[in-house]
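Have the sequence and the model open alongside.

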Amino acid sequence: MQFLTPPSRKRRTEADADTSAGTSGAVASPVSDRRIVLYEQHEAVPFQVPRASFGPSDQLVCTYHCRQMVKSEFFVALDKAEKENAEYTARLAALNEQLYKIEEEREKYRDEASFLQQELAASKARENSLQERLLKEVDNSEERYRDQLRRISELEFEIKKEMDSRVAAEQFTETLKETVRELQTKLESLSDSSEREINSLKRELSYVQDESRFSSSKVTAELERTRLRAESAEEEAELLKEQLIGLKEQLDECLTQKGEIEHHPSSSNVSSSNAPSDDDKKMIKLLQEELHNYEKEVQEARKLKSSQLNSELLKEKLLEEQSRRERVELELSKLHEFQVKAQKLELELTSWKSLLNDIPDIVSYSDIPKKFAELQKEALENMAKLGEITAQLKEIKVAMEYADLSKQRAETECMLAKEKVESSSLEVKRLQLMLASVTEERDRLRKDSSASNKDAGPPDDSRVKELEAALNEKEQMMKEMDSSLQEHREIIAHQHAELKLFNDRLTDESKKVKSLERESDRLRHEVALLESKLGHGDYSSSNTKVLRMVNTLAVENEAKQTIEALQAELKRTTERLQAVEELKGQFDAALPEKLVQLKNQIAVLEKREERYKAVFAEKISVFRKACCSLFGYKIVMDDQKRPNGIPVTRFTLQSIYAQSDDEKLDFEYESGSMNIVMNDYTSQTDIAHQIEIFIRKMNSIPAFTANLTVECFNRRTLC
Amino acid sequence: MASRTISKDIITLRGSAAIVSEFFGYAANSILYNRGIYPEESFSKVKKYGLTLLLTQDDGVKSFITGLTSQLSEWLEAGKLQRVVLVIMSKATSEVLERWNFNIETDAEVVEKGVIKEKSDKEIMREIQAIMRQIASCITYLPCLDEACVFDVLAYTDKDTTVPMAWVESDAKLINNPQMVKLHSFDTKIHKVDTIVSYKNDEWEDEE
């Protein structure tokens with residue numbers, strides 16, 4: 001509320017008064033000044049200038065006029081003063097009203113000031129509480145930040161340690177994995193090679209078995225052949241015996257016939273028959289001797305045959321032993337190869353052992369999987385720790401977010417408090433301005449009242465004093481409020497500084513959190529890689545083993561059986577190998593000597609056989625010639641086999657008196673019976689007739705042959 | 001509207017082992033059908049896990065799978081089973097073409113102390129149903145098996161597990177540089193089963 005005062009008029013009157021007082025030769029009438037000018041002054045002022053112009057009579061008139069004028073002017077001035085006084089009183093009343101209003105307003109302002117004070121007190125209390133809260137929160141956040149910083153530093157340290165250990169463990173695991181892979185590949189290669197060797201051994205076994213079967217079949221076939229040969233030789237011997245017996249009988253018959261013949265023409269031909277009978281006897285004796293010789297030769301031939309059989313058996317045994325020796329030599333070579341392989345494997349084992357010695361905390365190969373398992377456990381523990389660290393990081397994030405939120409709340413509250421404080425300060429300033437203006441008006445009023453109220457009296461001094469006292473009190477309160485505001489401002493500035501520090505710390509910690517998030521992302525990526533490895537099927541052989549169900553749907557059973565059979569054969573071959581090795585050990589010293597002896601024996605027997613063969617061939621040729629000359633037939637013997645496998649001996653007889661080569665008789669000897677075989681010559685009518693008579697009816701082949709020789713002889717001699 | 005209360009069923013170690021082994025049996029049948037290992041006419045439809053699944057009627061395969069699931073159940077009850085892998089190989093070359101890897105995490109506390117857990121059967125069935133659906137949809141991204149194939153099952157057990165009569169130790173039958181697809185998992189609170197299928201890179205994909 002502003003009250004308007006007419007300062008312009010006063011100022012004008014004052015200015016006019018000042019100008020009128022200040023000017024020396026002013027002609028302005030004192031009436032217009034509305035100011036009581038003293039006579040002396042008035043006289044001084046006007047008379048100073050026009051003093052020289054007026055005379056003494058004029059001076060008296062002038063003084064009367066002047067007095068009149070002065071009176072009139074005084075009255076006018078009085079009127080004016082009264083009017084002014086009335087006006088001043090009116091103004092005073094107005095001012096009093098204004099003062100009342102001002103007082104009311106002051107009361108209002110007091111109320112408002114008290115309200116403001118209360119609000120200020122409340123704001124102070126709030127600020128105090130906020131400060132306390134902020135301080136508490138700051139302390140808590142500081143403690144949390146310190147704890148978090150400690151945790152972060154500890155976690156960083158642990159993370160570094162774990163990362164270092166993990167890197168080392170990973171490197172170690174990689175090296176171990178590589179070594180394990182190499183070992184596995186080598187094991188696989190060794191297993192493959194062993195399987196191949198087993199397969200090759202199995203094949204060789206099969207080959208050996210086949211060869212043995214083949215050799216056994218060969219041996220049996222040869223045995224059968226020799227048996228058959230022996231049987232045929234025996235049969236031939238028997239045939240020869242029978243022939244000899246037959247010849248003997250024939251000889252006996254011839255002798256008896258000769259004797260009979262000799263008895264009849266004995267008288268006439270005694271002298272002539274003695275010589276031929278002596279010759280015959282000699283011949284007979286010779287033949288008997290030859291027969292004996294032939295019997296001896298046959299026995300020798302039998303002995304030769306037996307010796308030959310023995311030699312053949314020995315040869316077979318030799319062959320078997322040679323084959324055994326070859327097999328043993330092959331197996332020895334294989335043993336050499338196996339020894340070489342074993343040496344290689346031993347070298348590899350020594351190299352692996354040296355590797356094991358290089359690897360710390362490992363004594364034997366079985367420790368590698370344990371170490372690997374331990375490293376994997378450590379890796380898993382590190383992963384678990386990393387998981388815990390990520391969980392802690394998340395908790396830290398949550399705490400950071402909570403701190404940010406609290407910080408934002410505190411900032412907003414601070415902003416609100418600031419705004420309130422600013423508003424209160426603005427209001428205070430406004431009040432101050434109001435007070436200043438009020439004091440100015442008061443001063444003016446005082447001056448005006450002092451100038452005008454000297455006449456009106458001092459009715460409102462006490463009130464003004466009271467007002468002034470109140471104003472002073474208000475001023476003091478305002479000063480106190482200003483001081484408190486300044487203190488609050490300082491506190492707020494201090495809090496701002498602290499907030500800035502906390503913001504800086506928050507930014508640093510947010511950076512740290514971001515770096516930790518990156519590390520956590522990297523660790524998650526590594527976890528995903530490990531999970532992919534797990535999904536791929538990798539496993540730790542120290543903790544896990546892979547089992548497969550035997551598939552009854554497929555050929556696995558048969559494979560198992562075959563494998564078991566092969567394993568059994570392997571065992572047998574190994575046992576045979578061991579037996580052969582033992583035999584070899586036994587025979588190693590005795591074999592060559594025995595072989596030499598046997599070879600010598602074989603040579604001797606072969607020589608004997610050749611001699612016997614030559615002797616037998618000579619004797620046989622002599623026997624044939626004798627038989628031919630005695631019986632008149634050239635005999636050719638041929639051994640054949642029928643399609644059903646039965647051996648048949650074919651004899652082809654050609655008479656010495658035959659006129660052509662076609663005149664041949666064919667006989668077959670089978671299982672002790674001699675049968676004639678028809679051919680072109682025997683199918684002739686004459687011969688067929690003779691065959692019919694002598695062989696079919698009389699069952700006598702010798703009669704037939706004798707008859708035929710006689711006829712051939714007659715033809716020859718007659719022709 | 002009536003208030004829905006989450007009902008939780010008690011699950012024991014034996015029950016969880018039965019659930020997991022049964023799941024593997026149905027999963028193996030589903031894989032054999034979807035990958036065409038055996039002809040379609042040798043499979044019959046059954047209702048399980050809220051779905052229509054296909055089971056083989058081949059006596060040999062059926063007996064094989066029943067024997068397998070019974071052994072898996074034993075190992076699960078003993079807490080010895082770590083992983084089960086169904087391997088699909090070429091019949092001609094014996095090359096491994098696909099590996100269906102079922103990783104199993106067992107709660108050791110349950111095995112040691114016999115603690116009982118609680119989980120809704122419906123929840124477990126729903127999880128298994130999701131996996132079965134994924135197996136059925138695998139033909140969209142797995143390469144075609146143009147040649148005759150055979151399957152085999154590997155079990156990753158603890159080192160101290162005794163090898164039964166019908167089982168032998170084997171190699172892991174790994175694939176070089178495989179592609180891997182991770183499927184859903186299910187959890188009975190005692191056994192958690194994760195499924196990953198890894199397959200050999202198709203030549204067409206390599207050329208691309």
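What percentage of the 208 residues of chain B count as buried? The value is 46%, where buried means under 20% relative accessible area, exposed over 50% and partly exposed in between (1.4 Å probe, protein chains only).

This is a predicted model, in which local features need pLDDT of at least 70 and side-chain atom pairs count only at pLDDT 80 or more, while totals for chains, interfaces and linings use all residues. Residues are numbered from 1 along each chain as its sequence is written, chains are lettered from A and ligands numbered from 1 in the order in which they are written, and side-chain values use heavy atoms, with hydrogens and water left out.

## Chain B: overall

Chain B has five helices and ten strands. Helices (H or I, at least four residues) and strands (E, at least two) are DSSP runs, numbered from the N terminus. Contact means heavy atoms within 4.5 Å. Among chain B contacts between residues at least 6 apart in sequence, 73% join residues at least 24 apart.

## Strand β4 of chain B

Strand β4(B) covers residues 81-90. Nine of its ten residues are buried, so β4(B) is largely enclosed by the rest of the structure. Two strands pair if DSSP finds at least two bridges between them. β4(B) pairs with strand β7(B), residues 149-158, in the antiparallel sense over nine bridges. Within that pairing, Val85(B) has Leu154(B) as its bridge partner. Seven bridges join β4(B) to strand β5(B), residues 96-106, and these two also run antiparallel. Here Ile88(B) is the bridge partner of Glu98(B). β4(B) and β5(B) form a hairpin with five residues between them. In the turn, Ser94(B) has a positive phi of about 55 degrees.

Ser90(B) belongs to β4(B). Its relative accessible area is 1%, so Ser90(B) is buried. The Ser90(B) side chain makes a polar contact with the side chain of Thr93(B) at 3.2 Å. A polar contact is a pair of N or O atoms within 3.5 Å; within protein, one must be able to donate a hydrogen and the other to accept it, and residues adjacent in sequence count only if both atoms are side-chain atoms. Setting aside residues up to four places away in sequence, Ser90(B) touches Glu95(B), Leu97(B), Glu147(B), Ala148(B) and Cys149(B).

## Helix packing

Two packed helices are described by the angle between their axes and the distance between the axes. Axes are lines fitted to C-alpha atoms, for helices over the stretch in contact, and angles run from 0 to 180 degrees between N-to-C directions.

| Helix pair | Residues | Angle | Axis distance |
|---|---|---|---|
| α1(B) and α4(B) | 13-34 and 121-136 | roughly 20 degrees | within 10 Å |
| α9(A) and α10(A) | 685-697 and 701-718 | about 145 degrees | 8 Å |

α1(B) and α4(B) are therefore roughly parallel to each other, a label for angles under 35 degrees, with over 145 counted as roughly antiparallel, 65 to 115 as roughly perpendicular and the rest as oblique. α1(B) passes α4(B) in a right-handed crossing. A crossing is left-handed if the near helix is turned anticlockwise from the far one by less than a right angle, and right-handed if clockwise. Residues of α1(B) in this packing include Phe23(B), Tyr26(B) and Ser30(B). Those of α4(B) include Ile128(B), Met132(B) and Ile135(B).

Ser30(B) lies in α1(B). Ser30(B) counts as buried, at 9% relative accessibility. Beyond its neighbours within four places in sequence, Ser30(B) contacts Leu54(B) and Ile135(B).

In chain A, α9(A) passes α10(A) in a right-handed crossing. The α9(A) side of the contact includes Ile687(A), Ile691(A) and Phe694(A). The α10(A) side includes Phe704(A), Leu708(A) and Glu711(A).

## The chain A sheet

Four strands of chain A form an open sheet in the order β2-β3-β4-β5, with antiparallel pairing. Its edge strands are β2(A), residues 633-641, and β5(A), residues 673-677; each pairs on one side only. The twist averages 25 degrees from one strand to the next. Strands β3(A), residues 647-655, and β4(A), residues 664-670, pair over six bridges. Thr649(A) stands opposite Tyr669(A) in β4(A).

Asp639(A) sits in β2(A). Asp639(A) counts as partly exposed, at 45% relative accessibility. The Asp639(A) side chain makes a polar contact with that of Thr649(A) at 3.3 Å. Residues touched by Asp639(A), not counting those up to four places away in sequence, are Glu236(A), Val648(A) and Thr649(A). The C-alpha atoms of Asp639(A) and Phe651(A), twelve residues apart along the chain, are separated by 8.8 Å.
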